[in-house]
Amino acid sequence: MNSRYGRVEVVWGKICAGYTHEIKNILAIINESKGLIEDIHHLNKQTDQVFQEKISASLDIIQQQVERGERLSSLMNTFAHTPDQEVAPVSIGETLSVLVGLSERFARNKKITLELDEQPNKLTLVTRPVEFMQLLFVGLELALAVLESGDHIRIGFHREQAECLIRFSLPPKKAFPEASPDYLEVMQDICAVLQSTVRWDEDLPGLLFTFPAEPSFSSSAEAGSD
Amino acid sequence: MNPMKILLVDDEQEFVAALAERLELRGYQVEAVNSGEEALQAVEAAPPKAVVLDVKMPGLSGLEVLKSIKAQFPSMPVLLLTGYGSTEDGMKGMRFGAYDYLMKPLNIEDLIKKIHEAVGAAEQKPPH
């Protein structure tokens, strides 16, 4: 048996990644079938105007939903490949894009908006991808748990000498971190594994994650598929 | 003028049937098959002007089919269809002689444009 299957997240990731392909195939069929209806509809000039407009409007909705499904399944596919390697170089921007994209629903349910800063430069970090994603997700969960409807979370990152910094800028809240000791405890445990730190930064204000740009993890190459 | 003949190869029957009909509505002659094995038979029986080939298929994979086609018909233009995890296969396919690869879901106008580019490029190449 392949030893990488000893990690539970590898099994979950492989199943999820495989099914994003199935979803993509379904979307491709819907897309082509919609295109065919559109083609036939354009050929039929005898149908009355109101009927034509209704069909066009419905086809537009199908198109929008195919694109929405495509975007989400693409994010989910990237997410599902997170466990492919135990230690690997990860693009911070891409990881945050996936995190924000897949967390939009949770934020929307609380009427909180998420914004990821544009980054002109690629910043890569050698880390444990699963725990890295876990840490950022817990940080975002913490923020969503204590913020209120109408609030805004701005996410950014940069490199400062030998460290990579990720910031979740939040509206000013008194006793923000103390309000959620469980989240902080979990994050600190994950930080210990990642050789990183997380703290409440009064100047942001918000959560500030710090990662060594060149940590000393023992690497085990484990490529996934699908 | 005879319509351009295109061979579509994908194991998703509904996908390939809808795409074939859309291309036929635009004046192309299309043969649609659902496996690599059928694709090789179709190419041998009546060589098409271009092949549109899914990379991930049960049985003979798209890349294996591509290699067989190129061994027999080196100048036949082949376009690959890829998914998320198979863009690497798409690039590998180009090293094996595929003209290009496209991601699903497709935009039919992009596909037609690529088919014409591929056929045009093949016609400009001197015969082996």
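A residue counts as buried under 20% relative accessible area, as exposed over 50%, and as partly exposed in between (1.4 Å probe, protein chains only). The model is predicted: local features need pLDDT of at least 70, side-chain atom pairs count only at pLDDT 80 or more, and totals for chains, interfaces and linings use all residues. Residues are numbered from 1 along each chain as its sequence is written, and side-chain values use heavy atoms, without hydrogens and water.

**Exercise 1.** Classify the exposure of A:Ile26.

Solution. A:Ile26 lies in helix H1 (residues 8-43) of chain A. Its relative accessible area is 48%, so A:Ile26 is partly exposed.

**Exercise 2.** Describe how H1(B) packs on H5(B).

Solution. Step one: helix H1 (residues 13-25) of chain B and helix H5 (residues 108-124) of chain B meet at about 70 degrees, and their axes are 12 Å apart. Step two: H1(B) and H5(B) are therefore roughly perpendicular (65 to 115 degrees). Step three: the contact (heavy atoms within 4.5 Å) is made by B:Leu19, B:Arg22 and B:Leu23 from H1(B) with B:Ile108, B:Leu111 and B:Ile112 from H5(B). Step four: these residues divide into five nonpolar, no polar and one charged.

**Exercise 3.** State what chain B and chain A bury between them.

Solution. Chain B gives 17 residues to the contact and chain A gives 21 residues. The buried area (accessible area lost on being put together, 1.4 Å probe, summed over both parts) is about 1700 Å², 62% of it on carbon and sulfur atoms. In chain B, the most area is lost by B:Arg22, B:Tyr84 and B:Pro105, together 42% of what that side buries.

Terms used: Chains are lettered from A and ligands numbered from 1 in the order in which they are written. Axes are lines fitted to C-alpha atoms, for helices over the stretch in contact, and angles run from 0 to 180 degrees between N-to-C directions. Helices (H or I, at least four residues) and strands (E, at least two) are DSSP runs, numbered from the N terminus. Angles under 35 degrees count as roughly parallel, over 145 as roughly antiparallel, 65 to 115 as roughly perpendicular and the rest as oblique. Ala, Val, Leu, Ile, Met, Phe, Trp, Tyr, Cys and Pro count as nonpolar, Asp, Glu, Lys and Arg as charged, and the others, Gly among them, as polar. Buried area is the accessible area (1.4 Å probe) that two parts lose on being put together, summed over both.
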